[in-house]
Amino acid sequence: MKKKLFTRNALGALAVGLVAAGSSLVATLSPTWAGESEIFHPMMVTRTGPFASAASGVSSGQQDYFALVNMNGGIDGTKIRWEECDFGYKTPRALECYERYRGDWKIVYPNSTPAIFALAERLNTDEVLGINIAGGRSESSDGETFPFLSPVMLNFWSQAASTIRYIAELEGGEANLAGKKIAFIHIDNAYGRQPFPIFDALAEMYGFEWKSWPLGWPALEQSAAWVEIARRYHADWAIQWNYGQSCNVPMTEMKKVGFPLEKFIGTLWCGSEEDILPAGDLAKGYISANYHGVGKEFPVIQEIIEQVYGAEKGNIEEDRVGTVAYNRGVLTGIIIVEAFRNAIEEYGLPLDGRKVRDGFRMIKLDDARLAELGATGLLPPLAFSPTYHGGIDPQLFQQWDGEKWETISDWIPPYEDVVKSQIEKASAEYRAQTQQQ
Amino acid sequence: MMVEECFPATRLKKDMALLPRRIDKLMMIAVLVVALALPPFLGDYWLKGVMIPMLILSISALGLNIVTGFAGLISLGQGAFMAVGAFTGVIAYGRYGIPIPLTLLIAGAMAAAVGAVVGAPSLRIKGLYLLVATLAAQFIILWVIQRVPWIGAGSMVTINTPPVFIAGLHIDEALEQYYFALCVAALLTVFALNLTRSRVGRAWMAIREQDVAASVMGVSMLRYKLMAFMISAFYGGIAGAMVVFAWVGAASVQEYDLDLSIQLLGMIIIGGLGSVLGSYLGAIFVALFPIAISIAMHNIYAISGGDIVSAATLANAEHLLFGALIVFFLIVEPLGLSHLWHRFSGSVEAKLSRFPTTNQTPTRRRPM
């Protein structure tokens, strides 16, 4: 008898739960009303899971910039209203988030390469631009083949090429690269293998030698690789293409095998504070690439601190303002707002995905415009077009001084021809794949 | 002849029916009616965001349930079998233009062939050791997909599919994709129901309960263990191909990682090991509840205006609540949600029937 009662209670609870869940689903499905003078902008964010520590800074940086724009009267009077959908860096949930706000999307920035790949087809059908800055599909620089995808800045191939150019500069010119050995230690997945074609092409051009040391995810054990790099291969330079926690493992290993830290360069995805702090003093002097300026000394970030945090309207703990992840958010915010602004000027309200995409293609961030926005040095000059969706850009190099990043180089451009020919090749492959049989 | 004497033909026929109990038949009809009639009234969000992924995950979970739930061989490789199916599918259809129905079969067959290799260690090891062997397969399969140039997954390990046509019909609307997935799921479910009540199904259950005893009784280990793995992988392969053709539109290796395999194992444990129904209930649970909680949290946030709790706190609350729900259901019913249904329906059936039957729910020991 007692057991039966338990069953009934459980079933009752199940029923109540389902009804509650169902009704809340229905409640959300009622259309979201966007006022005349307002842009409703849903955002995919990662606030939970293993990648949340850095990703949350990127989301909040964008929101703080939107808040700043809103406080100063919006985009010619139009305010941005954003809403978050947390997908925790899980691709199926990103698809669900996309469907949840389908029809409301203006521009989609999941900050996850796997998610942007899975979303690509829907974005194309619905005519909404998907961006993934310094990541995503490298060949989506080609705006003709990928009308609704963009890497915005620095696709993976530009990152690889610019890093080699920086090494050449330190060696005193490309001529001195001949005969040098470059060890490439990387996560053994799609992301980690992106530089291969670029390294191959450049090695042939400049006569250096390179070798890959692939690491299985999560790549926290790298000692064997470093023994080989330092003692057997006798590498002149080492480049790391790790991610998250694995970024700081080389510092310890290099110390053990005696590989000089100044001959070691990290990818821009190993260039945020969160990546480096666990290595402590061992990381002092570590050089990594980056696609934007670091610190709080940009007028736009100062304005955010004064106005947004001054009014206690900030979207993250104030001590994270000015971190690498946060600055990435602010510059993304700038690009999104510029796309909105262009779209409004061209088409007027209300906006949709296609109008914003066209607005994005009209973006011309020259030195004068960057100065107006208070973002000089935060990002390099950018200009997009219907055929070029960005991605061939220079990198900055930065050094960790034990407490913060210091920018130590000018903007170092990639080898444009090499990157371009790779983009053309990959775009042609994509067109062949998706062609109707 | 002996059987005929002990059990009159009618009774045997009844016991061997696809769904032996009246209430199961009623439920099946109700589910089918809802599954066929409701979707046109649901928006794209429900179909593309919830129902289609749920159906596809159910197919894969059903396959995993065959090897783990029925045959008692634990596998952590189902995600990788889905990857095999996805890439086989996209190559067969995209590169060679093989029609979709045939492509699905090829995707399943390729996964089954890989499954036979992965299942081979099960002849010598079981339990946690087998778990580790299948775990290795999970990694090796994904590694191979990334490395073999012929597969042509490119540097991003993603292959896109051309527009999907079945018999001249362009499948691109959510509703079409849903019915396509439903059709495949229904066929595979009937096949699974038939299998599990046949000689094969009984052989699997014998292996699950005590493989030495089964072997002594003449059940061929080689044949039935490998068959379980192959059929399980076959389901996984078809589910993987369905991900490409009815849901995502591309085969991308990142989607089939270990997380997915663990999630599928979680589904069948919550849903009910050794139960076709349980595979569906588990998939529904895992696919629906986190989303429902997330939306409920979002509404709380919208109502409270963001002053009381931050969006980040609520996002984390989703995971806490979902974890708590799993614990709750496993305490209420350790044998899974399907057993909950059997207990409930058993009592209803007893009331409906003038001649109370004995509870026909087989009492199962949990494998492992």
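Author: Helices α4(B) and α8(B) cross with a left-handed sense; a crossing is left-handed if the near helix is turned anticlockwise from the far one by less than a right angle, and right-handed if clockwise. The model is predicted, so local features need pLDDT of at least 70 and side-chain atom pairs pLDDT 80 or more, while totals for chains, interfaces and linings use all residues. Residues are numbered from 1 along each chain as its sequence is written, chains are lettered from A and ligands numbered from 1 in the order in which they are written, and side-chain values use heavy atoms, with hydrogens and water left out.

Reader: Are α4(B) and α8(B) roughly parallel or oblique?

Author: Helix α4 (residues 44-70) and helix α8 (residues 174-196) of chain B pack at about 20 degrees, with axes 10 Å apart. Axes are lines fitted to C-alpha atoms, for helices over the stretch in contact, and angles run from 0 to 180 degrees between N-to-C directions. Angles under 35 degrees count as roughly parallel, over 145 as roughly antiparallel, 65 to 115 as roughly perpendicular and the rest as oblique. The relation of α4(B) to α8(B) is therefore roughly parallel.

Reader: Which residues of α4(B) and α8(B) meet?

Author: Contact means heavy atoms within 4.5 Å. On the α4(B) side the list includes B:Leu47, B:Met51, B:Leu55 and B:Phe70. The α8(B) side includes B:Leu175, B:Tyr178, B:Leu182 and B:Leu188.

Reader: How many helices and strands are there in chain B?

Author: Helices (H or I, at least four residues) and strands (E, at least two) are DSSP runs, numbered from the N terminus. By that count chain B has four strands and 15 helices.

Reader: How are α6(B) and α11(B) placed, and is α6(B) oblique or parallel to α11(B)?

Author: In chain B, helix α6 (residues 100-119) packs on helix α11 (residues 221-248) at about 140 degrees, with their axes 6 Å apart. Because of that angle, α6(B) is placed against α11(B) as oblique.

Reader: Is the crossing of α6(B) and α11(B) left-handed or right-handed?

Author: The helices in question are α6 (residues 100-119) and α11 (residues 221-248) of chain B. Their crossing is right-handed.

Reader: Which residues make the contact between α6(B) and α11(B)?

Author: From α6(B) they include B:Gly108, B:Ala112, B:Gly115 and B:Gly119. From α11(B) they include B:Phe229, B:Phe234, B:Gly237 and B:Phe245.

Reader: How are α2(A) and α12(A) placed to each other?

Author: Helices α2(A) and α12(A) pack at about 45 degrees, with axes 6 Å apart. Their crossing is right-handed. The contact includes A:Gly57, A:Gly61 and A:Phe66 of α2(A) and A:Gly329, A:Gly333 and A:Val337 of α12(A). The placement of α2(A) and α12(A) is therefore oblique.

Reader: How many aromatic pairs does the structure hold over all chains?

Author: Rings of Phe, Tyr and Trp (its six-membered ring) pair if their centres lie within 6.5 Å; planes under 30 degrees apart count as stacked, over 60 as edge-to-face and the rest as tilted. Over all chains, the number of aromatic pairs is 33.

Reader: Which parts of chain A does the pair of A:Phe66 and A:Trp82 tie together?

Author: The two ring centres are 6.0 Å apart with planes at 45 degrees, so the pair is tilted. A:Phe66 and A:Trp82 belong to parts 16 residues apart in sequence, namely helix α2 (residues 52-71) and strand β2 (residues 79-86).

Reader: Is A:Trp82 buried or partly exposed?

Author: Buried means under 20% relative accessible area, exposed over 50%, partly exposed in between (1.4 Å probe, protein chains only). A:Phe66 is buried, at 0%. A:Trp82, at 23%, is partly exposed.

Reader: At what distance from the ring centre of A:Tyr415 does A:Arg165 lie?

Author: A charge sits over a ring if NZ of Lys or CZ of Arg is within 6 Å of the ring centre and within 35 degrees of the ring normal. A:Lys181 lies over the face of A:Tyr233 at 5.1 Å. For A:Arg165 over A:Tyr415, the distance is 4.2 Å.

Reader: Where does A:Tyr89, with its positive phi, lie?

Author: Most residues other than glycine have a negative phi, and most peptide bonds are trans. A:Tyr89 has a phi of about 65 degrees, and this residue also belongs to an aromatic cluster that includes A:Phe51 and A:Trp269. A:Tyr89 is placed in chain A, in the loop between β2 and α3 (91-100).

Reader: Which peptide bond is cis?

Author: The proline concerned sits in the loop between α12 (324-347) and α13 (353-361) of chain A. With omega near -10 degrees, the cis bond runs from A:Leu349 to A:Pro350.
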